[in-house]
Amino acid sequence: MFISAVAAIGAVLPMAATLSASTARVHKASQIVTVKQVTDETGRAVLVPFKVNRIVSLAPNITETIYALGLESKLAGDTDYCDTPAAAKLKPHVGSMLNPSLEAIVALHPDLVLAAANSANRRETVDALARLGVAVYATDSRTVRGMFESITHISSLAGAAQQGTALVARLQARIDALQTRLAERPLVHVLFVVWEDPLITIGQNTFIADALRWSGAESVVIAKQDWPQLALEEVVRLEPEYIVFTGSHSGSSAAQMSDLRSRPMWKGLRAVELGHVVNISEEIDRPAPGLIDAIEELAHKLHPDAFPGENTSAMNHAPADIRIDVGEEGKSCAH
Amino acid sequence: MRPLTPRRIAGICGVLFALLFVVVVISLRMGTYPISVSEIVMTLFRGAFGHRDEIPSEFWLVVFGLRLPRIALGILVGAALSVAGAGFQALLRNPLADPYVLGVSSGAALGAILSLTFAPHVPGVIQLAAFIGAAATIASVYFLGRRGGQLDSATLLLAGIVAASFLSAMIMFLMTTLSGHELRGMAFWLMGDLSTPPPTPNVLEWLLFLFGVFAVAAGMIYATTSDLNLILTGEEEARHLGVNVRRVKLVVYISASVLTGLAVSVSGSIGYVGLLVPHVMRMIFGTDYRLLIPTSAIGGAIAIVLADTLARTVVAPTELPVGAMTALAGAPVFIYLMRRRVR
Amino acid sequence: MSAGAGNNSSMVSQPIPFREAAPPRLKAEQVSYAYSATDRSAPKFTLGPTTFEAQHREIVAILGPNASGKSTLLRLLAGLIKPLSGRVEVDGVEASELDLRMRAQRIALVQQESELLFPLRVWEYVLQGRYPYGKRLRFESDEDCLLAANALAQVGADELRDRWMDQLSGGEKQRVILARALSQQPSLLLLDEPTQHLDIGGKVELLRRLRRLADENRYTVVVVTHELNLAAEFSDRIVLLHKGKCLRVGSPAEVYEREVLEEVFEAPLEVETRPSGRPRVIVRSSH
């Protein structure tokens, strides 16, 4: 009995004593770092170092933005799902967006962790990291304009303010040009299909809904929920002019068309009869520079008469196009 | 004829505690961040004796900020769920009873969803709301489960199942109709998550509070264990032998529900532990509840810490939810136990 | 310790001579009972006023066909329910007024066993009979173990000690349940239809054992039964019930009259007297 008592005490005592100390914030005892206080896009106060050399990204759109800003040398790690550009897949991974490994993040010694509130990242992850004394800045791009602001914020945090301004200016210019072309044209009514079975589309407060408006389109479904589920009969009643799918539905457009025409309820839709089915890149749902490509692509497909003489199928800028722009600016990222 | 003595209980618990200690040390060692056992031990001891500044900040972070709180929470949740499970198995006279059968976890989940919808990110609200949801369910099922003025096992079971289904339906409804942003966290909560940060800045205070509640509720169950032993051989017989069956049932019902509510409020619903640990302990140590309750508590702690360790290391850096791990391990154990019973 | 003298004498079988003039161990005075399905409806069942007494070392048989109120009377004697009128006294104290603990120390009730949920050993089961004597948390003392062992010996179930309860035969289980009741060291031993699932050999063995226990440990034993001949052979007193009414109280010879028995049991019967003076009932052949 004595032995068991000793064993019990031996188990409990060090744990109890040491847990009492775990509460205080962690100081980087080995170095003094100058920090500034900023407010992130969700309203949190964050202490960010002046010099940011190691960034961990918790969302694919942030990773893409970092590459677009030419800052990939500062990217110490990203998620398993960061695949644009392809080089991002080679970076050290910290796990999924929903539940990244806090230890893996800590092991990468980041100066700054970037999370996306308008995405699969959870507030709990951000809070947990903040608790551990890691600087976490959360973006919250709910609209295309919001995305521009996020890019600006990220670039200034990472010490690349000039690249950020330039990138945003370029992207803004393209959007403005698009608006000019589409001026005076009525918005095309579309059904944006997130998932076919059950049929799920977008709500009016989603990022995609905003992107659609910039493309000269509007969802036929007005819903407060982000991902409303519809019955197909409802779609028939709403009579969309176009049906939009994203790249997750693989196969060529022709194959997709014939597949839709063979399905009982779908083939009755006017849009299907007229062949008004469009497939665009998944970037339409990603608040990153590649979004502008997707918007342009969609605008071309929905308003073919607004772009005389341009081949719609060739309208797919690779993200590399954007990169080249940045490279021309010639700014270095190192600090 | 060897009756149970306090000495024997302490001896067995001592061995189990030692096993728990080993499991804790192993768990401290495992993880994505590379840190060796000697570094862990050094961190622990320097921390215990106040030499915090001698520890590299990241060792501190990993051991005290990440792993140890999670392990401590796992011990608490495992112990609470197992004791609750053992209690419900006796109360409901049903070996298949687990802590969630009376709908307590669904009530807690509903409370959590509502709090996420109306007051997200206020520290402590989700745990409080979950606990209130659990308490409301406990009270409702109690009133539904009475017959002739006292708790009747069969009626209670039915009332609990009905409550659980109803609450689950409401949860489904809310999850599909409400906006997606705040509810991302719910998926994890529903599958069990030991990494929820405490609502108070001081981790130790929070853990001590939780352990305090556990100690009170588990203690109350323990005080009824010799009564429970008799009730298990028949309620009428127990009454004739002088057991206040009505009071004992009420005490066990409330305490086991509180333990379940506690566990679910801090970590979501982790399944199989409350069902299986008491059975395994019974197989090894017998049905005497005076021994079963403490061994289930420690056994449950060991099980959850092991499951959580596996959950965060098997497919690193991705972390599986703890509930998935207990289900994966629990299902085969359950099948094995079922087959043994049909001797 | 508990009331009721002579309980420690199980190993020494020299009962102390007892004078009959002492107050009776068990006394039922005009006890009646009624219960209805709800508060307001008419009573579904009533037990009319019943009076009888029993001394130490006496076996009382409560006799009657099904639904005559036997079990109700037994529960009244056990103090589980309060009589509508009259009183039940055990050792001079009203049965239903006793607190749970005291009642369990004086009165042991043997019924058909409920199904066990989890495996249990025989000695664990018998040891549970010591519950009324323990303190909080009730870890059994050596004395408790000794008394439980004695109880097993008294029912002749010594060798069953380490067996699992769910592996016992009907008769073995019967003995073990009795042993648990004995380890309560009661004054009053109540049994509800204990011979139900036993064959004739088992029945006789049980009643002989009860007789011996009553004599040696000076219990008062009350047995509810519908077995006419066993009751006649082994009991000192019969309480005859019929549809909730107490028809007769007395020795078997006094109670067993052909007309009365025929009316109660609704069968053609014949009563003979055996050399011992005890009656025997046989079915009258129809011619």
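A nonpolar core is taken here as a set of buried Ala, Val, Leu, Ile, Met, Phe, Trp, Tyr and Cys residues joined through C-beta atoms within 7 Å. A residue is buried if 20 or more other C-beta atoms lie within 10 Å of its own, exposed if 12 or fewer, and partly exposed in between, with C-beta atoms placed from the backbone. The model is predicted: local features need pLDDT of at least 70 and side-chain atom pairs count only at pLDDT 80 or more, whereas totals for chains, interfaces and linings use all residues. Residues are numbered from 1 along each chain as its sequence is written, and chains are lettered from A and ligands numbered from 1 in the order in which they are written.

The largest nonpolar core comprises 200 residues, and those with the most contacts inside it are Val113(A), Ala80(B) and Leu259(B). Helix α3 (residues 57-91) of chain B supplies the largest share of this core, 22 residues; helices (H or I, at least four residues) and strands (E, at least two) are DSSP runs, numbered from the N terminus. At least three residues of the core are drawn from each of domain 1 (30-140) and domain 2 (185-323) of chain A, the bounds of which come from an automatic or database domain assignment. Leaving aside neighbours within four places in sequence, Leu259(B) is in contact with Ala80(B), Val83(B), Ala84(B), Phe214(B), Ala217(B) and Ala218(B), where contact denotes C-beta atoms, placed from the backbone, that lie within 7 Å. A second, separate core of 72 residues includes Tyr33(C), Ile59(C), Val155(C) and Val176(C).

In chain A, the centres of domain 1 and domain 2, taken over C-alpha atoms, are separated by 31 Å. Contact between the two domains involves 8 residues of domain 1 and 9 residues of domain 2. The side of domain 1 that touches domain 2 divides into 3 nonpolar, 4 polar and 1 charged; Ala, Val, Leu, Ile, Met, Phe, Trp, Tyr, Cys and Pro count as nonpolar, Asp, Glu, Lys and Arg as charged, and the others, Gly among them, as polar.

Chain A averages a pLDDT (the predictor's confidence in each residue, from 0 to 100) of 80, and 80% of the residues score at least 70. Within this chain, confidence is highest in strand β3 (residues 55-57), at a mean of 95, and lowest in helix α12 (residues 319-329), at 41. Residues 16-30 of chain A stay under 50 in pLDDT, and the model has 37 contacts beyond four places in sequence for them. Over residues 312-335 of chain A the pLDDT is likewise below 50, with 36 contacts beyond near neighbours in sequence. Where pLDDT is low, the predicted coordinates should not be read in detail.

The secondary structure of chain C comes to 9 helices and 12 strands, and 43% of its 287 residues count as buried. Helix α1 (residues 70-77) of chain C has 6 of its 8 residues buried, so this helix is largely enclosed by the rest of the structure. The buried residues of α1(C) are Lys70(C), Thr72(C), Leu73(C), Leu74(C), Leu76(C) and Leu77(C). Just after α1(C), Gly79(C) takes a positive phi of about 80°.

In chain C, 4 strands form an open antiparallel sheet in the order β2-β1-β4-β5, pairing being assigned where DSSP finds at least two bridges between two strands. The edge strands β2 (45-54) and β5 (93-94) each pair on one side only. Strand β1 (residues 26-35) of chain C pairs with β2(C) in the antiparallel sense over 7 bridges, and Lys27(C) stands opposite Glu53(C) in β2(C). Strands β11 (residues 269-273) and β12 (residues 279-283) of chain C are also antiparallel, over 5 bridges, with Val281(C) in β12(C) as the bridge partner of Val271(C). The hairpin of β11(C) and β12(C) has 5 residues between the strands, and Gly277(C) within the hairpin takes a positive phi near 100°.

Most residues other than glycine have a negative phi, and most peptide bonds are trans. A cis peptide bond joins Thr84(A) and Pro85(A), with omega about -5°. Tyr272(B) has a positive phi near 75° and lies in the loop between α11 (245-267) and α12 (273-285) of chain B. Tyr272(B) is buried, with 22 other C-beta atoms within 10 Å. Gln185(C), also not a glycine, has a positive phi of about 50°, and counts as buried with 25 C-beta neighbours inside 10 Å.
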